[in-house]
Amino acid sequence: MGEVRGPEAIDMLMALNTGHDGSLSTGHANSVEDMISRLETMILMGMDIPLAAIRKQIASSIDIIVHLGRLRDKSRRVLEIVEVEGYVDGEIKLNPLFEFKEYTTEADNYLAMEVGEYNSADSLKVRGYLQNTGNSLKNQRKLHAAALRLE
């Protein structure tokens, strides 16, 4: 669907809520929580509806948010993968699945060497990996409908 920057965000949510599974869009924010807040604001720019209705639409439209960020070495990395679990008690409930973990200790550097991410000539490069948070994907309905199963 392209990038959402303004009131067209409501069109994106409407499309996602009317059977357009598998859609992808981008937006700019500093975190997953900030993206949710930006979506709310963009929708309010184009339509005067209660915030609770907007949050319900977001929660039912979006399954996963992948947050990319620029690190201090100017590289871009996936920093978080978060499931939008639903709308509970007036808030959008998020389920963090993966988060970026930077190699910071000698043990981390040794692990980085083993996986081929360590280059002693480039010690300023940010090295790390996506770490599973231990949370499991809650909503697996679409996976099951596609005959996919998580181990």
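**Notebook: helix packing in a predicted model**

I began with helix H2 (residues 32-46) and helix H3 (residues 51-61), whose axes come within 10 Å and cross at roughly 125°. The model is a predicted one, where local features need pLDDT of at least 70, side-chain atom pairs count only at pLDDT 80 or more, and totals for chains, interfaces and linings use all residues. Residues are numbered from 1 along each chain as its sequence is written, and side-chain values use heavy atoms, with hydrogens and water left out.

I noted how the terms are set. Axes are lines fitted to C-alpha atoms, for helices over the stretch in contact, and angles run from 0 to 180 degrees between N-to-C directions. Helices (H or I, at least four residues) and strands (E, at least two) are DSSP runs, numbered from the N terminus.

**Entry 1: H2 and H3**

I looked up the class of the angle: H2 and H3 are oblique to each other (under 35 degrees is roughly parallel, over 145 roughly antiparallel, 65 to 115 roughly perpendicular, the rest oblique). Contact here means heavy atoms within 4.5 Å. The residues of this contact of H2 with H3 divide into seven nonpolar, no polar and two charged. For the classes, Ala, Val, Leu, Ile, Met, Phe, Trp, Tyr, Cys and Pro count as nonpolar, Asp, Glu, Lys and Arg as charged, and the others, Gly among them, as polar. I also wrote down a general point: an α-helix has 3.6 residues a turn, so residues three or four places apart point the same way.

**Entry 2: H1 and H3**

Next I took helix H1 (residues 9-16), which packs with H3 at an angle of about 50°, their axes 9 Å apart. H1 and H3 are oblique to each other, and H1 passes H3 in a left-handed crossing. Leu-13, Met-14 and Leu-16 of H1 make the contact with Gln-57, Ile-58 and Ser-61 of H3.

**Entry 3: H1 and H2**

The axes of H1 and H2 come within 7 Å and cross at roughly 105°, so the two helices are roughly perpendicular to each other. On the H1 side I listed Ala-9, Ile-10, Met-12 and Leu-13, and on the H2 side Leu-39, Met-42 and Ile-43. The contact of H1 with H2 has seven nonpolar, no polar and no charged residues.

**Entry 4: cover over H1**

I checked burial in H1 and found six of its eight residues buried (under 20% relative accessible area; exposed is over 50%, partly exposed in between, with a 1.4 Å probe and protein chains only). The buried ones are Ala-9, Ile-10, Met-12, Leu-13, Ala-15 and Leu-16. Their cover includes strand S2 (25-26), H2 and H3.

**Entry 5: Arg-127**

I found Arg-127 in the loop between helix H4 (106-114) and strand S6 (128-132). Arg-127 counts as buried because its relative accessibility is 9%.

**Entry 6: the whole protein**

I counted five helices and six strands. Of the 151 residues, 30% count as buried.

Technical notes: Left-handed = near helix turned anticlockwise from the far one by under 90°.
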